[in-house]
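Student: Hi, could you walk me through this structure? I'd like to start with the DNA and then look at the sheets.

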Amino acid sequence: MEITTLLQNEFAVEFESALILEIADCGELRTIAPHTPMMEIGQEISRIPLLVSGSIKIFTEDASGDELFLYYLEHGDTCAMTLKCCTGKKKSTISAITDEETTIIFIPVQKMDEWMVKYVSWRNFVLDSHHSRMQELLEAVDSLAFMNMEERLKKYLHDKVLVSKSAEIQITHAEIARDLHSSRVVISRLMKKLENNGEVVQSRNKVSLPEYAQKLK
DNA sequence: TCATTAACACGGG
DNA sequence: CCCGTGTTAATGA
């Protein structure tokens, strides 16, 4: 789709029209395949991503190099890390991987400062975005510190369903275990328990939450 | 007690 | 057959 049309369809409420024209002018529209790494830890940031559709998983990394899932970026989101890093020429401390086919508009870093001054809507966008990312980060920390694995698993499935906008999720127990820093044995056991409670329906490579079946019709 | 690791059986694609 | 799933036994925190 044409970038200008896309912007007008998706972001007309969010951004003033002059800003939309500028984004259309310098932004680069790209569609990225599922499960493509977008950002590695330590990588320098040169462009600001603006999510149009799809979703991106954001991870942090522990000392031993294992990834821990933090939160998703969705439509209208941008990366808080990027916003901070690109002004200070810092390196990324997170990694990002597309979760499904994802459409992104990339904006050159140089425009950041210029637009912050020039456009109220951009300034608000950046501040709001930073705020909601902070909120999600707190939730992630909270679930790590205070929730047991069963609650974390439920939250994980719940989030995944909301992001994919489908009651049915394509995932294996092993993948969940990796994201949550657990083992497959534990996930299998908990999933079985959830299934017996009628909270999930499972089949190979697939989980669905009946709870959302009607809601997301 | 509960998580992890390794090992194994089952079964669907 | 391959791989995801469900279980168990041993071990450790």
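Predicted model: local features only at pLDDT ≥ 70, side-chain atom pairs only at ≥ 80, totals over all residues.

Student: Great. Which residues surround DNA strand C?

Tutor: DNA strand C has Thr172, His173, Arg184, Val185, Lys192, Gln202, Arg204 and Asn205 around it. Of the DNA strand C atoms that come within 4 Å of the protein, sugar and phosphate make up 50%.

Student: What does the surface near DNA strand C look like by residue class?

Tutor: The surface near DNA strand C has one nonpolar, four polar and three charged residues. Helix H8, residues 184-196, gives the most to that surface, with three residues.

Student: What does arginine 184 reach on DNA strand C?

Tutor: A base oxygen: a polar side-chain atom of arginine 184 lies 2.9 Å from it. Arginine 204 also has a side-chain N or O atom 2.9 Å from a base oxygen of DNA strand C.

Student: And histidine 173, is the polar atom there in the backbone or the side chain?

Tutor: In the backbone. That polar atom of histidine 173 is 2.8 Å from a phosphate oxygen of DNA strand C.

Student: Which part of DNA strand B does the side chain of serine 182 contact?

Tutor: A phosphate oxygen, which is 3.2 Å from an N or O atom in the serine 182 side chain. Serine 183 has a polar side-chain atom 3.1 Å from a phosphate oxygen of DNA strand B. For arginine 189, a polar side-chain atom lies 3.3 Å from a phosphate oxygen of DNA strand B.

Student: Nice. Switching to the sheets: what's the strand order in the open sheet of four strands?

Tutor: The order is S2-S6-S4-S5, and the pairing is antiparallel. At the edges are strand S2 (37-39) and strand S5 (67-73), each pairing on one side only. Neighbouring strands in this sheet are turned by 30° against each other on average, direction ignored.

Student: How many bridges join strand S4 to strand S6?

Tutor: Four, between S4 (residues 56-61) and S6 (residues 95-98), which run antiparallel. As an example, isoleucine 56 has threonine 98 in S6 as its bridge partner.

Student: Which strands of that sheet does helix H6 touch?

Tutor: Helix H6 (residues 149-164) packs on the sheet and touches S4 and S5, with its direction at about 35° to that of S5. Helix H7 (residues 173-180) packs there too, touching S4 and S5, but its direction makes about 95° with that of S5.

Student: And the open sheet of three strands, what's its order?

Tutor: S1-S7-S3, with antiparallel pairing. Strand S1 (28-32) and strand S3 (47-53) each have a single partner strand, so one side of each is left without a neighbour in the sheet.

Student: How many bridges join S1 to strand S7?

Tutor: Five, linking S1 to S7 (residues 102-108) in an antiparallel arrangement. Leucine 29, for instance, has isoleucine 105 as its bridge partner in S7.

Student: Last one: which strands does helix H1 touch?

Tutor: Helix H1 (residues 3-11) touches S1, S3 and S7 as it packs on the sheet, and its direction makes about 70° with that of S3.

How values were computed. Residues numbered from 1 in each chain as written. Chains lettered and ligands numbered in written order. Heavy atoms only, no water. Near = heavy atom within 4 Å. Polar contact = N/O pair within 3.5 Å; in protein donor to acceptor, adjacent residues only side chain to side chain. Helix = DSSP H or I, 4+ residues; strand = E, 2+ residues; numbered from the N terminus. Nonpolar A, V, L, I, M, F, W, Y, C, P; charged D, E, K, R; others polar. Pairing = 2+ DSSP bridges. Axes fitted to C-alpha atoms, helices over the stretch in contact; angles between N-to-C directions. Contact = heavy atoms within 4.5 Å.
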